[in-house]
Number of protein chains: 2
Amino acid sequence: MNTADLGLPVDVPSTALFTDQYELTMLQAALKAGTGGRRSVFEVFTRRLPEGRRYGVVAGTGRVLDAVENFRFDAGVLGFLRERNIVDEATLQWLAGYRFSGDIWGYPEGEVCFPGSPILRVEGSFAECVLLETVILSILNHDSAIAAAASRMSSAAGDRPLIEMGARRTHELAAVAASRAAYVGGFATTSDLAAGFRYGIPTVGTSAHAFTLLHDNERDAFRAQVDSLGRGTTLLVDTYDVTEAVRMAVEIAGPDLGAVRIDSGDLLLVAHRVRQQLDELGATETKIVVTSDLDEYAIASLRAAPVDAYGVGTQLVTGSGHPTCSMVYKLVARAHSADLKAPLEPVAKKSLGAKSSVGGRKWAARRLDEHGVAEAEVVGTGPVPAELADAQLLVELVKGGQVVAREPLDAVRDRHAAARAGLPLSATQLSRGEAVIPTEYL
Amino acid sequence: MNTADLGLPVDVPSTALFTDQYELTMLQAALKAGTGGRRSVFEVFTRRLPEGRRYGVVAGTGRVLDAVENFRFDAGVLGFLRERNIVDEATLQWLAGYRFSGDIWGYPEGEVCFPGSPILRVEGSFAECVLLETVILSILNHDSAIAAAASRMSSAAGDRPLIEMGARRTHELAAVAASRAAYVGGFATTSDLAAGFRYGIPTVGTSAHAFTLLHDNERDAFRAQVDSLGRGTTLLVDTYDVTEAVRMAVEIAGPDLGAVRIDSGDLLLVAHRVRQQLDELGATETKIVVTSDLDEYAIASLRAAPVDAYGVGTQLVTGSGHPTCSMVYKLVARAHSADLKAPLEPVAKKSLGAKSSVGGRKWAARRLDEHGVAEAEVVGTGPVPAELADAQLLVELVKGGQVVAREPLDAVRDRHAAARAGLPLSATQLSRGEAVIPTEYL
């Protein structure tokens, strides 16, 4: 296929252009200075969780692996860089042969994380690692922000399924990644067909107000929908008068009507009234789906209402107030040469203020209390204490340039549910607070 | 090329899957009921601006035209829909031949907009129009949100150039669209190579802290950078001690040093100190670039500081607090048949509360006062008053399925600057307030 057909950034022939220009100019200068080959360690971490949040969620790792594997400079890309004079000929030559050949370790996708957690550790020459900064951060910052919001929503929803329906509120391809991240965070389904196609996420959807308005009256619209989609369909009952619509819905579809959807009004009140009406009409199995600017707080407030499923759009794809994470990609250690035996020296920016960071190649482990509940995120640069050896968090993702840790999305989703369940109970409080466990540096 | 190489939603062979499932199920039901052919008018508008904002910015229209043109159901897409049982065979047959054959009118890209402005008007059969809802809204809601933030930032920056550098804070392809929208809103350059490649936006970038940390000391790093990138480069001076770094930068590059970049600390204070030091060292032409979580307020607060350019990341790509718009795509009128002579009847959802809308196929015009300054957005459904005939806002974008209004991005950028300049001066106040002109319905 031809990406021109997508109406997308056509002619972007690899992930290599999802890169800030300074990565290439640094590469050029380092190659010329003879320092580009120095063995280097970069780490991805965040200095803080979004204000009030108790835990973060690592999401996008699988997409990072795809991006690294496909990070290549073909003739089209090289031609662009040459024409724009972005780097010199020696650098272009070097880029033409680029394949990431180093190692990547990281938190497995779906894990929870905290300030300072070394979510991803990229090791290789400075030259090969420095180029990956932007594409790695784009993916992890976006996907992790969405997954964190999704996780809070799914814990607020309890056993009731959540439908992701935010595609219209974000960039068309960000929407596909958002569906994926929402699924990781515990959502059950999506309205986005591209997400179903690409990631196999179950898709749902029946009708909108336009369908009712198209017809001469609500009765014609309901009849047309039931005729075509069957009695199990979900009828949207708030185009005109909800009570009248529910009556008509059951009259037309019978008590086997699958569900009704309410998309406006005081959902708590309306859900109670609709449930009572459905029950009185004998439609005791007919479900109630609510949708309308829901977030985790609205979902929690509907806990006592007779609601069977929630559809969430805007607040999911915008991270419920935190549309991005503040993950950074920092050089934390480097040797004086490419020699694997040359000692790694920790490095860190020394400026005053919030932007300083901790140097050194890090491991991380989650220490549990006597009940098996997480009590601290332990991050260290020295040897791993024996008692934490089995609690280490980083796993090997890429070895010598080869991806070694692909996994199905359902495994990621299950991992997240387990990781969240392993946190202290207060993790799922929606009220604002500190990280639910502290980060300790060894 | 093969999109599999992108590590993206591979195998999505057209924009047709950037669609919520309910659009296809509505299509199926309407085709079966014989109502799918009814002539219909859909409009995109927003009921409100983000809280406190004085005006909105229309962006993404050019991308919408690409998306509509490439909205096709090929064998891969149809196979997916069949396998998942999303629609029936009759509908699949219909989709196989799908090409949008209707008309689209809209505000030209870059225009400002207000609550109720009919930003896009899509006309054709219900069946062909209903399918475009999600992809149109994804693009307009994302791009317009970014452009609105960019516009506020560029008006706060005045003549000083703004550099877009937010790719790492948003989805990798949303980043490309964000660069484009930022350019429309008045940004001068981007760090994102993909945006340079795809849209021809000028790209910039030199080095990060990692480059300094790679080397044995700051002196080696600066020397390596100047050796490779020349004296005109921008040296990052806040890895260790700013004063020492500025001294060394001028020592190494000489007074022709292009610029220094400051990425942390109290930018107002540091910029003043660095300017004085540069001047004392004879580097009077060396510019100062600041970057560090800037938004329009921080940019405005630096108005009095000796700053030559601003780099903006997170706050730009997240819409400075408003990462999406609340634009909706609503059926506003329809006939009883496909006949072009059949009368269009206005339709609108009647439910109580904030989600009601105004039915009818609309025109819009911007009424000017005696000084030529905008005083009202006039939206109507009847005949256009003679005195507003020349002030109409909607232009023809697609005619009988053919795109008729492609234009270069610089024209869009210029249009935005002119449109903003035509608003009352209070439009560019950063303080929270109401829309700067009222919307009047005729």
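These legends describe close-up views of a predicted model. Local features need pLDDT of at least 70, side-chain atom pairs count only at pLDDT 80 or more, and totals for chains, interfaces and linings use all residues. Residues are numbered from 1 along each chain as its sequence is written, chains are lettered from A in the order in which they are written, and side-chain values use heavy atoms, without hydrogens and water.

**View 1. Strand E10 (residues 287-291) of chain A is largely enclosed by the rest of the structure, because four of its five residues are buried.** Buried means under 20% relative accessible area (1.4 Å probe, protein chains only). Strands are DSSP runs of at least two residues (E), helices of at least four (H or I), numbered from the N terminus.

**View 2. E10(A) pairs with strand E9 (residues 259-262) of chain A.** The pairing is parallel, over four bridges; two strands pair if DSSP finds at least two bridges between them. A:Val290 in E10(A) is the bridge partner of A:Ile262. The chain runs from E9(A) through helix H12 (residues 267-280) of chain A to E10(A) in a right-handed β-α-β crossover. Right-handed means a clockwise path from the first strand over the helix to the second, with the strands pointing away from the viewer.

**View 3. E10(A) also pairs with strand E11 (residues 309-312) of chain A.** Three bridges link them in the parallel sense. A:Val290 has A:Tyr310 as its bridge partner in E11(A).

**View 4. B:Lys349 forms a salt bridge with A:Asp238.** Their closest N and O atoms are 3.8 Å apart. The rule (side-chain nitrogen of Lys or Arg within 4 Å of a carboxyl oxygen of Asp or Glu) finds twelve salt bridges across the interface of chain A and chain B.

Terms used. Buried means under 20% relative accessible area, exposed over 50%, partly exposed in between (1.4 Å probe, protein chains only).
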